[in-house]
Amino acid sequence: MKPAILLIGTNGQVGQELNRMLPRIGEVTALDRQRLDLAQPAEIRRAIRTFHPAFIVNAAAHTAVDKAESEESIARAINAEAPSVMAEESKKIGASLIHFSTDYVFDGSKTTPYDEDDPTNPQNVYGKTKLEGEQAIQASGATHLIFRTSWVYATQGRNFLLTILRLATQREELRIVRDQIGAPTLNTEIARATTSILAQICDTEGGPFSLADVSGIYHMTAGGVTSWFDFTNAILEESATIPPATPWFAAATNKLPLTVRHVNPIAASEYPTPARRPAYSVLSNARLNRTFSVQLPDWRKQLHSVFANPHAETH
Ligand SMILES: NC(=O)c1ccc[n+]([C@@H]2O[C@H](COP(=O)([O-])OP(=O)(O)OC[C@H]3O[C@@H](n4cnc5c(N)ncnc54)[C@H](OP(=O)(O)O)[C@@H]3O)[C@@H](O)[C@H]2O)c1
């Protein structure tokens with residue numbers, strides 16, 4: 001029998017793709033904000049007790065990094081307190097919690113990829129509250145997988161790819177930060193890797209391990225490294241190759257031609273934002289690869305795949 005999976009945050013970038021892929025391995029109940037408001041802990045408890053899942057997959061989060069600076073209590077409620085309640089309830093019913101976290105738990109002072117055990121030191125409210133969520137899950141005693149990912153984008157939602165495409169139709173010149181280094185990760189790849197890992201765990205017959213053996217934090221990002229500046233140039237390079245009527249691209253550009261002629265690199269200090277961001281937040285995926293034999297493609301390949309499959313409605 002397929003395990004019952006409760007997917008929370010089904011309308012997010014990662015949540016939408018999980019909702020498409022998880023039914024391959026389980027009976028999925030998918031809840032969006034209308035059906036489950038994570039600011040209401042009693043609702044979380046009620047949902048988990050009602051559906052009694054084997055797995056809870058939490059793709060919801062307060063991801064507005066700059067906004068979080070001025071609404072710390074709501075960011076904490078969604079990013080820390082809600083996962084804490086999910087973990088507590090998971091422990092009670094023997095469910096496993098699959099959760100996502102962020103590269104922004106680190107301060108960016110390293111110059112080589114961060115391992116899972118490197119010291120955390122978040123520089124903004126979003127990172128701080130996400131770290132609190134991780135810690136609450138770990139302290140709960142529930143079996144869990146926490147996947148830290150980075151610079152998530154998709155062909156829908158709010159993200160850097162879609163912002164650049166919109167701006168590229170409105171301006172001749174863009175000024176983009178060059179001194180923040182990371183790994184842009186496509187929502188589809190995160191959902192695919194998560195589904196593949198859960199499939200391995202669900203395959204109890206020949207499965208290599210039970211979730212209790214592998215419970216913990218894993219980094220799950222695209223391979224390779226880039227800057228926002230180089231990512232922008234790659235987006236524009238790919239944009240020249242896609243049929244403009246491709247549905248997601250036409251929606252992103254509002255069917256307008258790209259007008260941008262120059263992309264100028266700037267320092268983060270020239271683009272002040274409410275939230276501080278780490279200068280370097282590349283994560284090492286070695287543990288994920290070692291444990292689950294899962295490796296996400298290089299960021300450049302992931303980006304290419306978005307433009308090279310013009311008939312795909314979603315990514
Ligand atoms: N986005 C990134 O760059 C990034 C980077 C690193 C890590 N991550 C992590 O990756 C995971 C997935 O992120 P994502 O990019 O897919 O996020 P996303 O697109 O912003 O989606 C987040 C989802 O959470 C839901 N949500 C927010 N507040 C809620 C509430 N009170 N009750 C119920 N649902 C609520 C949102 O609902 P609505 O649709 O109704 O707003 C949205 O569907 C998160 O854990 C995030 O922290 C993301």
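Here are some questions and answers on the aromatic pairs and the ligand shell of this predicted model.

Residues are numbered from 1 along each chain as its sequence is written, and side-chain values use heavy atoms, leaving out hydrogens and water. Since the model is predicted, local features need pLDDT of at least 70 and side-chain atom pairs count only at pLDDT 80 or more, while totals for chains, interfaces and linings use all residues.

Q: What kind of aromatic pair do the rings of Tyr104 and Tyr126 form?
A: Rings of Phe, Tyr and Trp (its six-membered ring) pair if their centres lie within 6.5 Å; planes under 30 degrees apart are stacked, over 60 edge-to-face and the rest tilted. Tyr104 and Tyr126 have ring centres 6.3 Å apart and planes at 85°, so their pair is edge-to-face.

Q: Where in the chain do Tyr104 and Tyr126 lie, 22 residues apart?
A: Helices (H or I, at least four residues) and strands (E, at least two) are DSSP runs, numbered from the N terminus. Tyr104 sits in the loop between strand S4 (96–102) and helix H5 (125–140), and Tyr126 in helix H5.

Q: Is Trp228 buried or exposed?
A: Trp228 forms a tilted aromatic pair with Phe160, at 4.6 Å centre to centre and 40° between the planes. This pair links helix H6 (residues 160–168), which holds Phe160, to helix H9 (residues 228–239), which holds Trp228. Buried means under 20% relative accessible area, exposed over 50% and partly exposed in between (1.4 Å probe, protein chains only). With a relative accessible area of 12%, Trp228 is buried.

Q: Which residue lies over the face of Phe229?
A: A charge sits over a ring if NZ of Lys or CZ of Arg is within 6 Å of the ring centre and within 35 degrees of the ring normal. At 5.6 Å from the ring centre of Phe229, the residue over its face is Arg178.

Q: How far from a nitrogen atom of the ligand is a polar side-chain atom of Asp37?
A: A polar contact is a pair of N or O atoms within 3.5 Å; within protein, one must be able to donate a hydrogen and the other to accept it, and residues adjacent in sequence count only if both atoms are side-chain atoms. For Gln13, a polar side-chain atom lies 2.8 Å from an oxygen atom of the ligand. For Asp37 and the ligand nitrogen, the distance is 3.0 Å.

Q: Which element gives the most to the shell around the ligand?
A: Helix H1 (13–21), S4 and H5 each supply at least two residues of this shell. With three residues, the element that gives the most is S4.
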